[in-house]
Amino acid sequence: YKDFFLVTAPLTYAVLAACLKLFGQFYLVSRIYLALQCALLVALTFLFCARVLKLGKAQCVLMAVFQAVWSPQMMIGVFWYDNDSTFLTLLAGLFLWKAWSQPNGPFRWSFLGGVSCALAFWSKQDSGAGAIAGGLLVATLWALGGVEMADRGTAVDRCARRHWLAFASGIAAVFSAAGLYFIAHGAFGDMVFWTVWRALRFKLTSGELALSNLSLEQNPSPWKFLLSPFTTPIDRSPKFVLMIYFLAPAVAWYRFQINRNRRELALMGITLMWALSFYAGLVTHAGQGYTNKVSTFGSILGTLWRPWPAGSPALLRGRFWNGAFALGVAMIGLRGVHYLGNTSIAGLATVPLQSRRLAGIQVAETFKPLDSLIDYIDRNVAPDEDFLIFDYVIAYFAAQRKNPHPVTDRHAMRPEDEALILERLKQRPNIGWYFHLGGSEDFSKELEFGQGRVKFYRLQAYIKEHFRFLESREGFTVWVRREAAPSGSSTHRRRLPGRR
């Protein structure tokens, strides 16, 4: 956070960096990680349905297959912080089930549940915050004795308070460790600024996000913010999925009212935590982003498919209910199959990249020139010199070069960032090249930031002052530094027009 402008939490980036360091710097490494995470997600969903929900074998298999086609890893297909955050939320629910479903359950499960919720936050702030809030809400109500159970007694009450303390301690341990790490590296203030204040501002002003539909109103009601996932003009699918998420804890609570069974209350607690985590992600993101956050959806549906206890309506306890629910799951699953076969991004056709380090990735058609750009950099830019690019930042990874500027996501930039970007560029005099998207010398659109709402005119002036146009290539243009030839070999310098 001292070196780059980043509004998301760091855990996913740290995991990806470790994988690339250990197994090689290729995009395939991240795909293998995704595949293994997806396999574990499906296995955990199967075990949850079999051992916790006591579903039949056919039901468990169907829910596992459903979760496979509805997994963020499969539908999104890229290494993403939401994948890690929601997967950790699933783990948190499984740990808390072990703690809450039995009288005097081991405290270590509550502690591990708190650790998992906190790690989910450090992967993605919104989903993790929802999980923490949901877990603390349920644990607090339980500890205060707000719910009567058949096995409740003084010893159980005391145990519930200790579980609350263990859960909160797990959260505190992760936050303390992360805080100490950033303090030791002199970046605590930068981390808080970017992951809290600037992240919130980004969510409130970015044109694609749910909250931005309300941020333009004068003094919007807090209730409008809270209800935004249900009221904003987004796709119907996330609203439908969100209602199912909240239906699961409501049904678990209804079943608890019938039998006062601790296991039902535990299921209500973990499904409420999952629902609040999914809800928090929708509050701060566009509706189409919901496919990033459905790691727990198979488990949520499984809780609704359980055998109903005696005393429930007869219609819910017969073959009709099982058949109708299986049909509903299959129909929803087809939506996931549709995503698996989707070959477009935001309505744009996709193309595969052929670059050695990026092989296997599908990108929007507008990014098609990336292959030729990387090839151009490999052939013409010397290993010891920097180049400047704001749109294709993945080119730094593909070309194995360090990014000389702090921008990671142009959409998250604000007008006040321009001075900081210029300051960093002036500290890197070895930047010999500038590349930008487009096939002409007019690069004004290239320097539009914050969803195109902000133009960095001083940055444009800096580039025009220090770089001159060299040539146009298919999909991008090349500029070289005016005051000196790039610091590569004489071969590089001789090939540039106008150089002597």
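1. Lining of the largest cavity. In this predicted model, helix H8 gives the largest share of the lining of the largest cavity, five residues. The cavity has a volume of about 100 Å³. Its lining counts 14 residues, and those closest to the centre are Trp100, Trp142, Ala160, His163 and Arg262. Helix H5 (81–100), helix H7 (125–143) and helix H8 (154–184) are the elements that each give two or more residues. By class, the lining holds nine nonpolar, four polar and one charged residues.

2. The second cavity. The count comes to two cavities of 30 Å³ or more. H5 and H14 (262–283) each supply at least two. The classes here are three nonpolar, four polar and one charged.

3. Strand S9. All six of the six residues of S9 (residues 476–481) are buried, so the strand is largely enclosed by the rest of the structure. Buried here means under 20% relative accessible area.

4. Partners of S9. Strand S5 (residues 431–437) pairs with S9 in the antiparallel sense, over five bridges. Strand S8 (residues 467–473) also runs antiparallel to S9, joined by six bridges. Phe476 of S9 is the bridge partner of Leu437. Phe476 is likewise the bridge partner of Arg473.

5. The S8–S9 turn. How many residues lie between the two strands of this hairpin? There are two. Gly475, in the turn, has a positive phi of about 95°.

6. Helix H15. This helix (residues 297–304) is mostly covered, with eight of its eight residues buried. They are Phe297, Gly298, Ser299, Ile300, Leu301, Gly302, Thr303 and Leu304.

7. Helix H2. H2 (residues 27–52) has 26 residues. From its first C-alpha to its last it reaches 37 Å, close to the 38 Å expected at 1.5 Å a residue. Just after H2, Lys54 takes a positive phi of about 60°.

8. Points to inspect in the viewer. For the largest cavity, start from the residues closest to its centre, including Trp100 and His163.

Methods:
Residues numbered from 1 in each chain as written. Predicted model: local features only at pLDDT ≥ 70, side-chain atom pairs only at ≥ 80, totals over all residues. Heavy atoms only, no water. Buried < 20%, exposed > 50% of the residue type's maximum accessible area, 1.4 Å probe, protein only. Helix = DSSP H or I, 4+ residues; strand = E, 2+ residues; numbered from the N terminus. Pairing = 2+ DSSP bridges. Expected span 1.5 Å × (residues − 1). 1 Å grid on protein atoms, 1.4 Å probe; cavity = no way out; pocket = protein on both sides within 12 Å on 5 of 7 lines; lining within 4 Å. Points joined across faces, edges and corners; volume = space filled by probe spheres on them. Nonpolar A, V, L, I, M, F, W, Y, C, P; charged D, E, K, R; others polar.
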